[in-house]
Every structure is written in C-alpha cells, then in structure tokens.
Amino acid sequence: MQKGLVSIIMGVHNEKEEHLRLAIKSIFQQSYQDIELIIIDDASNEDCKFVLDCLCERKKSVTIVHNEANLGLTKSLNIGIKLAKGEFVARMDADDFSVSNRIEKQVDYFNSHQDIDLIGTGVVSFGDRHIYMSPAFGLSNKDAKVMLFFSSTLCHPSVMIRKDFLDWHHLSYDEKVLKAQDYDLWERSSVYGNLAVMKDVLLYYRIHANQITSKKNKEQVAAADVIRKRRLGRLGITPSDREYLCHELLSSGVDATVTMTEMESWVNKILKGNEEKHLVDSNCLRNNMKTRLLFYKLRNKKMIRWEDLSLLINVFISRLKIKVKLAKHKRIIRQLGIN
C-alpha cells in the first residue's frame, strides 16, 4: 500500500464516447496528482475499447483491464480493488464528472477526520429533463448510519474508502448482489466503521434512460428491500408485510389504508429495538423519525400538530437553501458543457 496514493476505480461497458471522454478527462485534470486510475473494461465493443486505449495511451498512471467476458459491475469493481495500490480507494463512473479538486478535498477530509473510514460527497444529478441536488450532504457519521435504514446515503461514484479498512475487515462488494451493491457494502461497512457525507458538491451524476427502465428499477428496489430488512434485523426486528409497508411510507408514498396509530407504532418499535441493540445514535434516530412522520402526514393529508410547525419551518428553510445552491450548479453544468 502506497501512502497518499489514491486508486480510482472505474467500470466501463459500452459507454458513449463523449461521456467517457469527459469522465476520464475530469480525472486527468485533478488538482491532486498522486493518483492511479484503474479502468475495468467489462467486455465492451471494439469502438469503446479503441476510445479507451486512445484516451489512456502513454499514461503511466492508468491501468486498463479488458474482461474477456461480461462479468457485471460488482465483479469488475472487486477486480479493481484487488489491483489498487493506494492508501485510499475512490469510485468513479464512466459517464459522470468529478470537479477538479474532488480528490484533493476528500484526501484532506480523511487527514482531518481520522475516525472516518468511508466518505461520500455532495452530488448534483443531471440529465436531459431533470437536475436536482441530493439531500444527503453534510451528514455526520451518526446521521449517515441512521439514513441507512432507508437508503444508500452515499452516492456510489462519489465515494472514497480507506484501503486498510477494507483489508482489515475483509470487505468488498458481495458478488451475489448484482443491484444496489453499493448500498450493501455501505450497510455492512457501517457495522465496523464510520462513514460521512461531505457538504461540498464534488461530483455531477449523469441520469440517462438506461438507468431508469422499469425492469432495472424493480430489480434495484428488490435488492434494496433485502438490505433494509437486514438492517432492521440488526435491531432484532423481522417486520411483517404491514410493518414494512409503514417503513416504506416513511420514505415516500401515499396509502389511505395506513393509520397514524400503525405508523407511530412502527416508529416506536424501531426506537425500542435501537435502545436494546445500540446500533445507531438514539437522538439522531428519533429526530430522523420525527421528520419522516411529519412528511408522511403532509403527503397523506393527515392533521399536523402545533409542535410540528417549528420542524416544518426548519425543513422549508433547508429546502430553500438547496434550491439556491442548485441554481449555482446549473450554471456550472452549462459552463462545463457536460450536459
């Protein structure tokens, strides 16, 4: 392991040339120079292979592995981790864009937060019709671990991990998990170490049609359900179908058949389970659940209480700040010409 070196792992499979060029260019233009780029070409077509080879020709810091057969992202990323020589392992997708000081800021964060093992960054997602900022930014380890009850929390291509943390705990992507492999790894990692999400927006995440097909979305949701239930299991809870419906409604959705009594009962069951198992910080969990219950009430047109108003005002102010930041990043995306 080489101290200070960052091993950036990128999986590639038949990417559009213009997207691939921008993604790789954003790595070559990093202000932090002590990096190696490991590209796992997962049996792409000849055109994609040619572009890769041309872009990385004579680059001593680049290693390209051409899989003879299509292995899928999970196995490809594990190949990259095994090849990584760096103190840190970073992820990057072949159609996203890292800002020029992304790696520098993440290394600085690790150096000033010795207790953190995995970090994600703020992310702006963009596509032909949509642009939005992930609400999961600036999260402490305590808040990030609570969020894992509901979602991946860390945006996959923005993540950097301490390599010795992975090695010490024998952690890698589970090759049986073909969808939500990142969520699976973060959830397992959270049992052994600490994770956080930086405030800085350091990655622009491309959304395109191939990511949101109905079939892929169903597979992704099914995989995430398994992980969410496993995390609940760490509290000693095996939810019934009705209870898991309540859990899903704490994230999103409308269901007139579910009563507030059922929702509050489910929340109390989670809080009690955590009091017994001490999996996450109890105050952070309680505050998170309070906010989720408030949004459930608003979506389902339930009556809110007077004591909910101050929380509602704080949430509104937070959303307003996100909108202001998003306007700035819309301009940056246009200036960079990455849309």
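Student: Is Asn14 buried, partly exposed or exposed, and at what relative accessibility?
Tutor: This is a predicted model, to begin with. In it, Asn14 has a relative accessibility of 36%, so Asn14 counts as partly exposed.

Student: Where is the place of Asn14?
Tutor: Asn14 sits in the loop between β1 and α1. Its phi is near 55 degrees, which is a positive value in a residue other than glycine.

Student: What is phi of Ala180 near?
Tutor: Phi of Ala180 is near 55 degrees, a positive value, and Ala180 is a residue other than glycine. Ala180 is in the loop between α6 (163–168) and α7 (181–192).

Student: Buried or exposed, that Ala180?
Tutor: Buried. The relative accessible area of Ala180 is 2%, and the cut-off for buried is under 20%.

Student: Back to α1. At what angle do the axes of α1 and α2 cross?
Tutor: Roughly 25 degrees. Helix α1 covers residues 17–28 and helix α2 residues 46–55, and their axes come within 11 Å. Angles under 35 degrees count as roughly parallel, and α1 and α2 are therefore roughly parallel to each other.

Student: Left-handed or right-handed crossing?
Tutor: Right-handed, as α1 passes α2.

Student: Which residues meet there?
Tutor: From α1 come Glu17, Leu20, Arg21, Ile24 and Phe28. From α2 come Cys48, Val51, Leu52 and Leu55. By class, this contact has 7 nonpolar residues, 2 charged ones and no polar ones.

Student: Which residues of α2 are buried?
Tutor: Cys48, Val51, Leu52 and Leu55 are buried in α2. They span an arc of only 100 degrees around the axis, so they are on the same side of α2.

Student: What does the face turned away from the buried side carry?
Tutor: That face of α2 carries the exposed residues Glu46 and Phe50.

Student: And what covers the buried residues of α2?
Tutor: The cover includes β1 (2–12), α1, β2 (35–41) and β3 (62–66).

Student: Where is Cys56 found?
Tutor: In the loop between α2 and β3. Cys56 is buried, with a relative accessible area of 7%.

Student: What does Cys56 touch?
Tutor: Not counting residues up to four places away in sequence, Cys56 touches Ile24, Phe28, Ile39, Val62 and Ile64.

Student: New topic. Which residues are buried in helix α4?
Tutor: In α4, residues 102–112, the buried ones are Arg102, Ile103, Gln106, Val107, Tyr109 and Phe110. Down the axis of α4, they fall within an arc of 155 degrees, so they line one face of the helix.

Student: And Ser125, in which strand is it found?
Tutor: Strand β6, residues 118–126. Ser125 is buried, at 6% relative accessible area. Leaving aside neighbours within four places in sequence, Ser125 is in contact with His130, Ile131, Tyr132, Tyr205 and Ile207.

Student: Last one. How do α10 and α11 lie, roughly parallel or roughly antiparallel?
Tutor: The axes of α10 (residues 260–277) and α11 (residues 282–299) cross at roughly 170 degrees and come within 10 Å. Over 145 degrees counts as roughly antiparallel, and α10 and α11 are therefore roughly antiparallel to each other.

Student: How do the residues of that contact divide?
Tutor: The contact of α10 with α11 has 9 nonpolar, 2 polar and 4 charged residues. Among them are Met263, Val267 and Leu271 of α10, and Leu285, Met289 and Leu293 of α11.

Definitions and conventions. Residues numbered from 1 in each chain as written. Predicted model: local features only at pLDDT ≥ 70, side-chain atom pairs only at ≥ 80, totals over all residues. Heavy atoms only, no water. Axes fitted to C-alpha atoms, helices over the stretch in contact; angles between N-to-C directions. Helix = DSSP H or I, 4+ residues; strand = E, 2+ residues; numbered from the N terminus. Parallel < 35°, antiparallel > 145°, perpendicular 65-115°, else oblique. Left-handed = near helix turned anticlockwise from the far one by under 90°. Contact = heavy atoms within 4.5 Å. Nonpolar A, V, L, I, M, F, W, Y, C, P; charged D, E, K, R; others polar. Buried < 20%, exposed > 50% of the residue type's maximum accessible area, 1.4 Å probe, protein only. Arc of directions from axis to C-beta.
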